[in-house]
Amino acid sequence: MTAMNMAGFPILTTILMTTIVGLLVIIFIPPEKTKLIKQVSLASASTGLALCLWLYHAYDFHKGGLQFVERVLWVKSLGIYWFNGIDGINLPMMLLTSVVLFTAVWTMWELENRVKEFYALVFLLVAGVYGVFMSMDLFWIFVWYDVSLFPMYPLIAIWGGTRKEYGAMKLTLYLLAGSAFILPAILFLWAKAGGHTFDLFMLQKIGFSLFDQKVAFLMLYLGFGILAAVWPFHTWSPVGHVAAPTAVSMIHAGVLMKLGAYGVLRIGMMLCPQGAVYWSHLMALLGTIGIIYGALVGLAQTDLKYVIGYSSVSHMGLVGLGLATMSVNGINGAVFQMFAHGIMTALFFSSVGFIYDRTHTKIIPELGGLSKTMPIASAFFIFAALAGIGVPLMASFWAELLVLTAAVKVFPVAGILACVGMILSALFMLRVVQRTFYGDKNPKWEHIPDISRFLAVPRVVLMSCILFFGLFPKVMLDVIQSTVIPFVTRF
Amino acid sequence: MGALFRDPVLFATVLGTNLPFLSMAVILLFTRSKPFVSSRISVCSIAVSAVCAVSLLVRLFSAPALQYQTLWFSSDKLNITFGYYLDPLSLLMLTIVGIIACLVQIYSLGYMAGDPGYSRYYAFQSLFAWAMMNMVIAGSMLQLFIFWEMVGLASYFLIGFYYEKWSASQAGKKAFVMNRVGDVGFFLGLILLLIAFGNLGIPELNHAAVTHGLPQGLLTVSSLLIFCGVIGKSAQFPLLTWLPDAMEGPTPVSALLHSATMVAAGVYMFSRIFPFFSASPDTMAVALAIGTVTMLLSSTMAMVTYDLKQVWAYSTVSQLGYMVMALASGGYVAGVFHLTTHAGFKALLFLTSGIFIHEFHTNDMRIIGKKGGRKLKIPMVCMAIGALALSGVFPFSGFFSKEAILTVLASQPSKIWYAAGLFGAVLTAYYSFRLIFHILLPKGGIEEAHHEEHGASSHEHEEGHHGYIFWTMAVPVMILAGVSLVLGFTEHTLEHFLMRSIQVPGELVAPAAHAVSVAAHVAAGGAHHAHEAGSPLLTILGVSAGLLGIAIAWFEYGRKGASRNGFLSYFPAIWKLFDCRWFLDIFYRKGLDTLVYAGLTSLFTKNDRRVIDGGIDGICVFTEGSGRLFSFLQSGMLQFNLLLMVLGAGAAVLYFVI
Amino acid sequence: MNSLTTYLIISALLFSLGLLGILQRRNLIGMLISVELLLNAANLNFMAYNRFVSPDPVTGQVITLFVMGLAAAEAAIGLSIILALYRKMHSINIEAAQKMKG
Amino acid sequence: MTDFMLFLPELFFIFGALLFFVFSLRKAPNPAGYHRWAVVVAAVGLLVTVASSHQEGMLFFNCYRVDLFSQIFKVLLALGTIWVIFSSGELKGIDPRQHAEYYFLIFVCTLAMMLLVSSVELLTIYVSIELSSYSLYLLVPMRRNDDRFSETAIKYFMVGVTASGLMIFGISLLFGVAHTTYVPQLMKVLPTVIAQPGAIVGLILALAGFFFKLALFPFHIWAPDVYQGAANQVTTYIATVSKMAAAAMIIRFAGLSGGASPAMVKLLIVLSIASMTFGNLVALIQKDMKRLLAYSSIAHAGYILIGILTLTSQGYACAIYYAAAYLVMNYSVFLVIMKVADDGHNLQIKELAGLHKRSPLLAMTLMLGLFGLAGIPPTAGFTGKFLVFAAALNKGYLFLVIIGMVNATISLYYYLIVIKAAYLLKPVKEYPAVHVDLWTRVVSIGLVVMTIYLGIFPDQFLSITESAARTLF
């Protein structure tokens, strides 16, 4: 912890601290004061959001590269640094995290059961997420990665729904099993580089041998791929989502799944470019299978959250396909899709959460005709479904366009199949919308009031995000691209 | 921003096309619970849009094509632009859309009055108007695609407007998904072009196609793929069945979206990059075949249905088939002209049907006839005008456009297309007048004069009471009827307008205009042929085809003592075939059910539960089981454990010694 | 015969006997005695090595003494535990003690 | 005088032991008084140990070495001892008449282990090990008469003496091959004679004795029974303090294998994998908290061995770090066990139900301790695992590390079961309220802070262990 090596105010650490301070403050509030806990949570989340927005604004994409760097030697003998920085790839992810956290905290405003623990764990989780995104040191990436995973267990097991204990256990074990490959891979790279630095950028300069890259990339892909719900390692996702409470589903599907793809990109492709190229066909294959498989299985589901879970599988398949192309457009699209899918799926879960809170069911055949009784709440879901279909002028359309453009170019068959997947996704999204919201008024839900203005706020925030980046994709693509263009030169 | 206000053309374009969006936003956000305000906002904004469109048409009538564009974003080497392309074609279409949308919205003031979803209706109407107008003036194919999808979205919402009806939401879904099928082809085509050509600007594309800037293989593949979009949106064979179902929406919606404008978007897109398409003979041949098949198939379907709207729906499909045929055989002007006239008279037909439906609360033409449909004089006359136009009777607009198309078809080397066209014309006239005669001269006369009188008086009463409602519906209808009467005579002007811009390269967008000018050889050839070399024989054949159809209809339904069953009722098998839409729907349904739902989906779901997830669970069970197994090593018997220990040490020793 | 090998063989035999006894005897006292055999095998080794190979003639002997002392303590502890067990189970058969497992 | 200073901690613990020996002679027992005395003695002992932690030197004709390595472990031993003694306030598991003897034996045992970590002579090592073992043999049967567990002591004893028999026989062989019992000398000589069967057999048998202490597969067989059968406090002592000594001994002894003999390393790898896998798998099906922790300790022995088998100073440093982290985390868990089962019975997992309501602090301590054991960041357990794995990968043992990580995942399952009990399950019957006094609070918070602090800021402690490990070479 010597050799201060940072310029200016440590904004990134501050963002991280908003969650940790929030966590600590919540710990010291007596559990009965739920209102205060929620207010503190919201304040902390908003601070994070504000800082991330500022960060987004302040990032100079003309210059590109790593900015807002903080670098402090942490463990000398191993070469661990407290090394944070922002570039075009993690900046959207940071923004995504802050938006999703903000909306998730707000969405759970009506929580009454063990409020204190809930928010404390959520903040712990998000601290991990922020940490992974901002860290440029393998050690810390892994630390934060695990930190973001294990709170899932109590969060699902305590506040969850359907088969919560099973889901929680499955999800946690499965995801942590992924890290059984990540940690060895990280250490493997570290050891191959001489064992004196975990600094991502210093490691990048070292040319690993092709064999090492292949081995390490495969392990990283498997490890992170589990979290990114790459087929066939996706089954935790639907089960987990179904079990999880609303905010957790939002954060989990919205942000946490992105950690997987981000890890593949940030560690795997950055440090093992040749290895990534070697395995790119596998990635494309699995990604494409995921797209189609997710949509097809989603067609048969009767639980709203299962449907969304499988749609996530499908969408994350697109991310995988984009990454596999190893081209500017593909990666641009993949990162954009990560962002867009994060927001979209948060909106999905947020609306489903509301419906579930009111009707106490998320079984599609039991629902139906909800548009009559709760038009606004339904509109949120329908909006998300449209975004999921990839309707233009919503953020995910651009992502799909870019990914598919790259995919058709690099892997024509996969690209065409992925396009066909778009039909399926339309089919299954609309099917759900129809069965849940259309149809005759259901007397069971007649007395249920529509969503209140207050609770609509987080949903509206998410919707506006989707629309904003759908209408002005340049705002995001310029940022992403500034980093991706130099990035792909290494392949 | 400054440029926006300095340039009146740009200002009018932006204002006209985006005002409906604003109105939608306002309605959805603020005035959802105030139907009156919502509808006025929407109508006003669309009126302004229509005015803007007309003024643009007038102002740019003799001006060269204008192009505005700005960079939307860029990724790698892709530069995605956002822009407007104002040339005669887009201006014409913009005007059509603006005017018809405006009329339909006014009409809806009456038609939709009292509906609980009044505000929602106007919001979606505005959404549609916005999307459609933006699509029409889009400067690049990608932008066109984007708004094309938005139009599809609006259509989805409007078809499923009565979402509490299962069939309505089903129809909306069907429309969206079937469109999606075509759109994926479209999208792939665009991606292909994006990769190989890197630019999707409409003028650039046309230019490149004409100047052989694109390899033939790419051209053919991508144009075929893009044509998939036309198939989807314009309900061509084999994706034609969504359109009849789309009639589940409110009638004004059917008029606006599913006959006049939206479904014409496919044809519009075809003509938009006409030079591009025409550069690939293969694609043109495929398109011609598909257009013909569609036209004939849907005409036959229209011959057997008793549902008022269904008839017009099938008729729309068949007219779209005509347009595609025209374009595919090189009749650029003929196709666009038919699009224009069709928009007018088909909207007219739907809106008048809407009046009947609104009045009698049924779609069945026989019941309407029996209940005294002919008592509604204004609609009856208007509908007759529309039907005459549709059948191609002089001097109604349809006559001119259909003649133009037939002429183009006749110029094709193979006469089979012409024959098909003529046959289609007979069928068209037959089913149109079958409908007219059903209402005008119902079987067994009008039921119960007394009741009818009562109905009439109550109708009168209603009319007095809801006069406003009736007139909001009648006035647009009459305007459209007028348009159908006179539009035909603008053929020369229109042709000149469309051709002029092609022949006179504009200064501003020289390369683009040049492209079109070169491309126009085919198009102009066809059109000129139609105009100049249209022999009297062809005209006589065309007119007599229409008259023949009417005559058959008269023989079967109109004359005294007519059977009123239709000759097809003697062939039940064929009747069934036509009535079931050539079993296309059943085929799709079965295909979807067996292949997707029962096949892949259930297979994959089982795989997911049993194999993948089961595998994971199996690993867990295996792990725990092996734990149980290993726990036997820790037996209670001390000496067994000691033995284990000693054996362990012994094994280690052995390992080293050996 | 007076060579290192002889002693080593004897000690190895002792060791094996001890092990065998531990593994085979069901009587706790028997087992305890067998353990003593193990220790004595080691002692014999120490002495033998001390006599034949060690440069320093003391080490082995000292160790042997220590081991003998510890063996005595061990026997005392062992016997006391066996006694305690006997009081509860009325048996000094090891087979009586196999309740804890798994 | 300097010699005296070097030996100060040991002397102090001798004094403590004597004190309680005197107490044990008294007729009327005074458990509360003994406890206070014991805490004071142990606290002073800890202070003394810390104070003398920078001593260096040789004693007793060079067969007793005081260096940073040994002193670190002495501090850890003293720390563990005071924790155990601190938690012995409610020693319900043991007859009050035996409390004085209990403290006496604890101090003797700690003393023996302190001797052990400083020993560099095989004889000293042997004697220290025996001394500590004998204390434990006596501590285990002290459990108040519970027939279910009466067989524990004899099993422990039998396994123990067999292992020590094997060890002394091994030592005798080593002596015969290398002609010396002085460890530094052995280190020099052994590589040259390692090819001889006698050397190998001797080495393996000698190591068996240490592995027995560490409860490494297949020398673990005593652990489950003893953990389950001994009084909670005694189990705690065995699980924490005794583990430290064993780890120290193995680290010191591993160098004996003579550089990196590949065959030896392979053996250690096999043992480590077997130990991890066996421990974790069998732990999956346990219902008794202490028995579960016994299997978990078997698994952890495997992890520690990963650091050791690298045979590099970095690996040793990491192993020391891991051991220390293990001490802290394991004690956290045992603290909760002792508090929840304060009447001295054996805690079943399901009895933890609703702990988060009964005592949030203890629940949190338990959770962090278990997460630490499972290797979840940001706890010390994670950093420890990370370090040992890093050391192993520096030697290229990728496969071993992957197996280690897979094992960590398996272990997470049963730790989560416990956490689930504490945080999720509704108690089936009313369990008595958990009494948490001020000192326990302080200690719990201290443990939590320490777990996290060591996890996030490993640098300082790691640099100490590194210099300690360097003294071994």
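**Exercise 1. How many residues does helix α18 of chain B have, and how far does the helix reach from its first C-alpha to its last?**

Before we start: this is a predicted model, where local features need pLDDT of at least 70, side-chain atom pairs count only at pLDDT 80 or more, and totals for chains, interfaces and linings use all residues. Residues are numbered from 1 along each chain as its sequence is written, with chains lettered from A and ligands numbered from 1 in the order in which they are written.

*Solution.* 
- Helices (H or I, at least four residues) and strands (E, at least two) are DSSP runs, numbered from the N terminus.
- α18(B) covers residues 377-391, which makes 15 residues.
- The expected span is 1.5 Å times one less than the number of residues. For α18(B) that gives 21 Å, and the helix does reach 21 Å.
- Just after α18(B) comes Gly392(B), with a positive phi of about 80°.

**Exercise 2. Find what the buried residues of α18(B) pack against.**

*Solution.* 
- Call a residue buried if 20 or more other C-beta atoms lie within 10 Å of its own, exposed if 12 or fewer, and partly exposed in between, with C-beta atoms placed from the backbone.
- The buried ones in α18(B) include Pro379(B), Cys382(B), Met383(B) and Leu390(B).
- Their partners, by contact (C-beta atoms, placed from the backbone, within 7 Å), are α15, α16, α19, α20, α22 and α25 of chain B.

**Exercise 3. Describe how α4(D) and α14(D) are arranged.**

*Solution.* 
- Take axes as lines fitted to C-alpha atoms, for helices over the stretch in contact, with angles from 0 to 180 degrees between N-to-C directions.
- The axes of α4 (68-86) and α14 (313-340) of chain D come within 11 Å and cross at roughly 5°.
- So α4(D) and α14(D) are roughly parallel (under 35 degrees; over 145 is roughly antiparallel, 65 to 115 roughly perpendicular, the rest oblique).
- Ile72(D), Leu76(D), Gly80(D) and Trp83(D) meet Ile320(D), Ala324(D), Leu327(D) and Tyr331(D).

**Exercise 4. Work out which pair of chains shares the most contacts.**

*Solution.* 
- Five pairs of chains touch, and A and B come out on top.
- There, 37 residues of chain B contact 41 of chain A.
- On the chain B side, α7(B) gives the most, with 14 residues.
- Chains A and C have no contact, their closest C-alpha atoms being 24 Å apart.

Conventions: Two residues are in contact if their C-beta atoms, placed from the backbone, lie within 7 Å.
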